[in-house]
Amino acid sequence: MQASPNSLSSHHVAVIGAGAAGLVAARELHREGHKVVVFEKDDQVGGLWMYDPRVEPDPLGLDLTRPVVHSSLYESLRTNLPRETMGFMDYPFVTREGEGRDPRRFPGHREVLMYLQDYAREFGIEEMVRFGCEVVNVEMIDSGKWKVKSKRKRLDDNDRGDDFADHEDFDAVVVCVGHYTQPRIAEIPGINLWPGKQIHSHNYRIPEPFRDQIIILIGASASAADISVEIAGLAKEVHIARRSAVDDDTYEKKPGYDNIWLHSTIERACEDGTVIFRDGSVILADVILHCTGYKYGFPFLKTDGIVTVDDNRVGPLYKHVFPPILAPWLSFVGIPYWTFPFPTFEVQSKWIAGVLSGRIALPSQEDMVEDVKIYYSELEASGVPKHHTHNLAHSTNDYNMWLASQCQCSCFEEWRIEMSHEILKNWRARPNMYRDEWDDDHLILQAQEDFNRRISNKASNGHI
């Protein structure tokens, strides 16, 4: 349902985080006529795409009082999506000339950061950002507004860098803090007595610390595959334990490698330093590296239990965005995964901005609650674990199309959808070379033609 332009409302909105999700949320909210303040605890935009060579003192990230390093990037990381599908839909991720630019189709992390910085400058988003400003508390007050308490680092040389707190009231809050900072750790029987070292991939940066060691790596994600191959160049042996291994008797060398073995899951760890797999093999290992994903967490958000994180399910959320009871005044961008990240952030942000202005109507609170219940019931009936609630691997196209229909904006292009299928197929066929060899040049051409039309139309219509 669309409202008439004369009845649209403008609101004072806080956006928490200036990564990719926060930047596009700020842009779409501003375009809709809202007054936007973006809170960012670091001194630049980019979020997790800001590489930080530091690691945390707790290699597993279990100590909640530890100093947190936000980024989980490792030094050699390249995107596992091509530029064409990764970039925002109305600001293509095209190659650019300049010092330090990476022209590859699957570029390194620095190129993504530079793209986000370009985006922020292009649309004046940095002017909306309060840098060095960490949100420590968000809660609704009696007036129905949201009080945002932030801790700001004094930047003047004369004040010795002391922190000071600030409070401000907002009509609405959009949470864009990502979910790649709080590690999920595999549960291994006997691990408390195992004498070796454990680390989560959140604290992996370079392979040198693993030289000449025997490593057990847990995980089957794209980053797990990359890290295992990189470490194998220096390690004595790498043994990969995969929960997704169908056959519990799996124990074989990874094709093309002499020192990487594939196993089923771990059965238990032992006090003598060995690790026993369900396939029956026993490995005396130096390190267990957990490439096991991350937990959602919003320690600053106080909702009296209305929004919770239960076994990595953030809920209840209508379409992964709005808590029905608090909608539309509280929303989340970037909760789903296994989707097109930046374009999905974009349509989520368009939806939120339009709902807040009154241009787009949400269903009733009761209907949203019922929709969430039905969604949870369908997941359960399909055997999907609760911690995969936000995994859109099999529904990402339907989800994005639905969001686009709510916003009455351009749907996801056919080439983008087809390209995602081709990339997955190529990854399976060429797991080590898919970033540098491909067979979808015809789709690249379609994307480039589409990008050129958009750039031309934008130039003829003036800045949007």
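The crossing of helices α1 and α3 is left-handed, a term for a near helix turned anticlockwise from the far one by less than a right angle, clockwise being right-handed. This is a predicted model, in which local features need pLDDT of at least 70, side-chain atom pairs count only at pLDDT 80 or more, and totals for chains, interfaces and linings use all residues. Residues are numbered from 1 along each chain as its sequence is written, and side-chain values use heavy atoms, with hydrogens and water left out.

Helices (H or I, at least four residues) and strands (E, at least two) are DSSP runs numbered from the N terminus. Axes are lines fitted to C-alpha atoms, for helices over the stretch in contact, with angles from 0 to 180 degrees between N-to-C directions.

| Helix pair | Angle | Axis distance |
|---|---|---|
| α1 and α3 (109-122) | roughly 15° | within 11 Å |
| α1 (20-31) and α5 (341-357) | about 35° | 8 Å |

α1 and α3 are therefore roughly parallel, that is, at an angle under 35 degrees. With contact defined as heavy atoms within 4.5 Å, A20, L23, V24 and R27 of α1 meet L116, Y119 and A120 of α3.

α1 passes α5 in a right-handed crossing. Residues of α1 including A21, E28 and R31 meet residues of α5, among them F342, E346 and K350.

Elsewhere, six strands form an open sheet of mixed pairing in the order β9-β17-β10-β11-β13-β12; strands pair if DSSP finds at least two bridges between them. β9 (197-200) and β12 (251-253) are the edge strands. β12 pairs with β13 (residues 260-263) in the antiparallel sense over three bridges, and Y251 has H263 in β13 as its bridge partner.

Note on methods. Angles under 35 degrees count as roughly parallel, over 145 as roughly antiparallel, 65 to 115 as roughly perpendicular and the rest as oblique.
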